[in-house]
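Here is a briefing on one protein chain.

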Amino acid sequence: YIYIYIYSVMNTLKIFELIVVLIIAITCNDEVKEKQEKLSRKELYKYGFRLKRNEQVEGVKRILMMEDELKRSAMVKILLDKIFKVVEKAKTLVEESGYVPGDEFPEDQKYLDALGNVFENVALFGDLLLRCPDITHKLYDKNTEWRVTMNWGVVFSNESGLFDDAEKFLNLVAQELEIIPRDPNYINPYKEATIKATQKKKEAEENKKRKEIENKKKKKTLKKNKKGPRLGGSSGEL
């Protein structure tokens, strides 16, 4: 009977603990739900957009790491083709929705997706433009339709207030594309970084070659020293 009683008490405690856990979980879920309800659609999207931006930047960095220039150029071209197809389609839907930049995001998922496609692809294009400027300019500058679309996309994105670093990132993109006049001191910091990285790599390779030559010379010197001096003439007893 004692064992049955203890078992019963333990079960009761476990049930009580389970109830407490469930109450806490429900309360937490209610709090999360309440917070989510307080957040606007724009604020919720903005949080996810930050995460997306990190992924995009890392993706472009991986492209930069490709040693084969032809493959790197081909990859950028594929991305640009895709970016502009998506943005052009999204632009039509955004204009159809009547959305005004800066307003709360629309409830209709179709228009919400269209907005996301504009912001995310404008951002990705900006990353390619600033980090792979030579390849991107070569493909972009000669395409009038792309220029019209991206001019709209950059201005629209800037007015949306979605970009945390809008003043820096979108301003750089706008200057690089000359949508706005370039500052007299304007430089593409990412291009500068690329130049420095290339120079650093070149210097490292030169230093490596120099050390290899020096090591070869040292080895030759050591071999000569190991042989030692030779005595001239024949030896004999006095």
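Predicted model: local features only at pLDDT ≥ 70, side-chain atom pairs only at ≥ 80, totals over all residues.

Residues are numbered from 1 along each chain as its sequence is written, and side-chain values use heavy atoms, with hydrogens and water left out. The protein chain has eight helices and zero strands.

**Overall fold**

- Along the sequence, the pattern reads α-α-α-α-α-α-α-α.
- Helices (H or I, at least four residues) and strands (E, at least two) are DSSP runs, numbered from the N terminus.
- The protein chain has 238 residues, of which 29% count as buried.
- Buried means under 20% relative accessible area, exposed means over 50%, and partly exposed lies in between (1.4 Å probe, protein chains only).
- Among contacts with a separation of 6 or more, 71% link residues 24 or more positions apart.
- Contact means heavy atoms within 4.5 Å.

- Two packed helices are described by the angle between their axes and the distance between the axes.
- Axes are lines fitted to C-alpha atoms, for helices over the stretch in contact, and angles run from 0 to 180 degrees between N-to-C directions.
- Helix α3 (residues 69-97) packs on helix α5 (residues 133-140) at an angle of about 50 degrees, and their axes are 10 Å apart.
- That angle makes α3 oblique to α5; angles under 35 degrees count as roughly parallel, over 145 as roughly antiparallel, 65 to 115 as roughly perpendicular and the rest as oblique.
- The crossing of α3 past α5 is right-handed.
- A crossing is right-handed if the near helix is turned clockwise from the far one by less than a right angle, and left-handed if anticlockwise.
- On the α3 side, the contact uses Arg72, Ser73, Val76, Lys77, Leu80 and Phe84; on the α5 side, Ile135, Thr136, Leu139 and Tyr140.
- By class, the residues of this α3 and α5 contact are six nonpolar, two polar and two charged.
- Here Ala, Val, Leu, Ile, Met, Phe, Trp, Tyr, Cys and Pro count as nonpolar, Asp, Glu, Lys and Arg as charged, and the others, Gly among them, as polar.

**Helix packing: α3 with α4**

- α3 and helix α4 (residues 109-131) pack at about 145 degrees, with axes 8 Å apart.
- α3 and α4 cross in a left-handed sense.
- The contact of α3 with α4 holds 17 nonpolar, three polar and three charged residues.

- Which residues does Thr136 contact beyond its neighbours within four places in sequence? They are Val76, Leu80, Phe125, Leu128 and Leu129.
- Thr136 sits in helix α5 and is buried, at a relative accessible area of 0%.
- Lys82 belongs to helix α3 and counts as exposed, at 54% relative accessibility.

- Gln175 lies in helix α7 and counts as buried at 8% relative accessibility.
- Not counting residues up to four places away in sequence, Gln175 touches Ile180, Pro181, Arg182, Asp183 and Tyr186.
- Glu176 is also found in helix α7, and Glu176 counts as buried at 8% relative accessibility.
- The side chain of Glu176 makes a polar contact of 2.7 Å with the side chain of His137.
- With residues up to four places away in sequence left out, Glu176 touches Leu129, Leu130, Pro133, His137, Arg182, Tyr186 and Asn188.
- Glu176 and Asn188 are twelve residues apart along the chain, and their C-alpha atoms are separated by 7.4 Å.
- Glu178 is in the loop between α7 (166-176) and α8 (189-227).
- Glu178 is exposed, with a relative accessible area of 58%.
- Phi of Glu178 is near 60 degrees, a positive value in a residue other than glycine.

Definitions and conventions:
Polar contact = N/O pair within 3.5 Å; in protein donor to acceptor, adjacent residues only side chain to side chain.
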